[in-house]
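Okay, thanks for coming, everyone. Let me get the model up on the screen and we'll walk through it together.

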Amino acid sequence: MSADKRGMHGIWGNRWTFILAATGSAVGLGNIWKFPYMAGENGGGAFVLMYLLCILSVGIPVMMAEVLLGRKGRMSPINTMREMTNKENAPHAFRGIGWMGAVAGFFILSFYSVIAGWTLAYVGKMASGEFSSATAEVTGDVFGQLLSDPWMLTGLHTIFILMTGAVIARGVKHGLENSVRILMPLLFVMLVLLLGYSMTTPGFSQGWSFLFNFQTAALTSDALVSALGHSFFTLSLGMGAIMAYGAYMPANASLGKTILAVGVLDTLVALTAGLVIFPIVFSYGLEPDSGPGLLFQTLPIAFGNMPGGAMIGTLFFLLVLIAAWSSAISIAEPAVAWAVERGWGRLRSTIIVCGFAWLLGLGTVMSFSDWSGKQIFVTETVSHAVNAELVAEDEAATEAEVVSTKFHWYADVNELKAAAAEGFVVKTEGKTFFNVLDFLTTNLMMPLGGLLIAIFVGWFMTRESVAAEARVKSPVLFNLWRFMVRYISPVAIFFIFIEGLA
């Protein structure tokens, strides 16, 4: 790549613009419900403390390494890694970091857009008062009808992709920078307003206890793995987004202080979201452990039965929508930046990337509707139908009743269940089109990308090259960070990778 390609996309106006942009990339749907739920179920304050330690030892060191590569290359992740492997005389296999990140981001955008479309629908449903005096049955039916309507899902998916493309097409200065300067402060303001309301609810103290009660007994090995994994994934590492944003970072900005600020803001947003959600849930006697359903089935019950619930619910889903939108913009940027460097023009590149992501996203749309039964890697377990009371008395009876287990590379699980003989029950476990994309990106491509970034910066870049770009004034802090990137982070990410394959 010729030198005149470097910095061709533009530079963030200042360090704080990068912080807002990187925080916008990190803050997404998972921060709003997943992290608070994980904390509450895995030891509260003990889990939060363990998560913060993982952020400091894994998330921030790898994020700093990824941003360092981006700023040093000043190009898309694909071309940055091609240039860096040549300069550092590293194996050409490391070029795969850029390609894997761009492809992972492209895949994620395709299904993320579909799920974010649900949020778009719920903004309208809340504003219209559809959930007024709603019961669990009503909210369940509304969500079920949404998922079973491929035309509605396609329309929402299309709108969200257009929203994302409209920002990216305008470039770094007029598109990305202007959007984060508006969206992120708006997100923070809405979060504070919702927190203010949450503090007035009778369940606030219970919600606080759910999140922060220090229960070391609940901090199991699985919880530690969850904290480690989430500390990596919450910062959008290993998919090129942070490297692309790093390419637009001002040269004189301190990497250490900047990345630390991003990690702190990301964690604050996640914890504040928990203090918004769970007091409302507890105030209305709802279950806090309903996972994704918490957003689309449980919370609407509370919003539909509280004074001013339509307005508060609309504000909440706007908050979630903005978080999803800011993340989607960063996810698409690596592929668009690479296409621009090929000379295709910003608008044309955006149309191509977002257009193909939209097309691939139709597979996810169908995964929730017409293709929900068509799965691959299906494990079929046939059991005798047993009396529920007997099973409750003797859990081992469920194992004794298994008749056979079969593996299918592909199967229509609805047909398998329908073919069960009288007196037998068929259970299946497989992957839909959506599940396959989610598994490939979350369990394989992202951790592998992060692992290779840590190895490349820690072992293949010279100390002088890294120090010149990092600009860390304290030798002690620089040595500590480099030690983590070389030894601690790779081992931790490898552990995440192996757990993801299990």
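Predicted model: local features only at pLDDT ≥ 70, side-chain atom pairs only at ≥ 80, totals over all residues.

Let's start at threonine 164, which sits in helix α7, residues 150–168. Helices here are DSSP runs of H or I with at least four residues, strands are runs of E with at least two, and both are numbered from the N terminus. Threonine 164 has a relative accessibility of 0%, so it counts as buried. For that word, buried is under 20% relative accessible area, exposed is over 50%, and partly exposed is in between, with a 1.4 Å probe and protein chains only. What does threonine 164 contact, leaving aside its neighbours within four places in sequence? The answer is Leu109, Trp325, Ala328 and Ile329, where contact means heavy atoms within 4.5 Å.

Residues are numbered from 1 along each chain as its sequence is written, and side-chain values use heavy atoms, with hydrogens and water left out.

With 29 of its 33 residues buried, α14 is largely enclosed by the rest of the structure. The length works out too: at 1.5 Å a residue those 33 residues should span 48 Å, and the end C-alpha atoms are 48 Å apart, which agrees. The expected span, by the way, is 1.5 Å times one less than the number of residues. There is a kink in α14 of about 40° at glutamate 333, shortly before proline 334. That angle is between axes fitted to the seven residues ending at the residue and the seven starting there. Just after α14, glycine 343 takes a positive phi of about 90°.

Now the core. A nonpolar core here is a set of buried Ala, Val, Leu, Ile, Met, Phe, Trp, Tyr and Cys residues joined through side-chain atoms within 4.5 Å. The largest one has 152 residues, and Phe316 and Phe456 have the most contacts inside it. Helix α14, residues 309–341, gives the most to this core, with 18 residues. Apart from it lies another core of six residues, including Val378, Ala411, Val413 and Val426. As for phenylalanine 456, not counting residues up to four places away in sequence, it touches Leu69, Met81, Met84, Thr85, Glu88, Ala90, Phe94, Ile97 and Met461.

Compare that with α3, residues 45–73. Its 29 residues should span 42 Å at 1.5 Å a residue, and the ends are 40 Å apart, C-alpha to C-alpha, which agrees. α3 bends by about 45° at isoleucine 55. Most of α3 is covered, with 23 of its 29 residues buried. Following α3 comes arginine 74, with a positive phi near 55°.

While we're on phi: most residues other than glycine have a negative phi. Serine 236, though, has a positive phi near 60°. Serine 236 lies in the loop between α10 and α11, and it is buried, at 4% relative accessible area. Phenylalanine 377 also has a positive phi, about 50°. Phenylalanine 377 is in strand β1, residues 374–384, and it is partly exposed at 38%.

Next, glycine 361, in helix α15, residues 346–367. Its relative accessible area is 0%, so glycine 361 is buried. How far apart in space are glycine 361 and valine 114? They are 6.7 Å apart, C-alpha to C-alpha, and 247 residues apart in sequence. Beyond its neighbours within four places in sequence, glycine 361 is in contact with Ser110, Val114 and His157.

Last stop, the largest pocket, with a volume of about 1,300 Å³. Of the 41 residues that line it, the closest to its centre are Gly30, Trp33, Lys34, Asp438 and Thr442. Helix α19 provides the largest share of that lining, eight residues. For the method: on a 1 Å grid over the protein atoms alone, a pocket is an open set of points where a 1.4 Å probe fits, with protein on both sides within 12 Å along at least five of seven lines, and lining residues have an atom within 4 Å of a point. Grid points are joined across faces, edges and corners, and the volume is the space filled by probe spheres set on the points.
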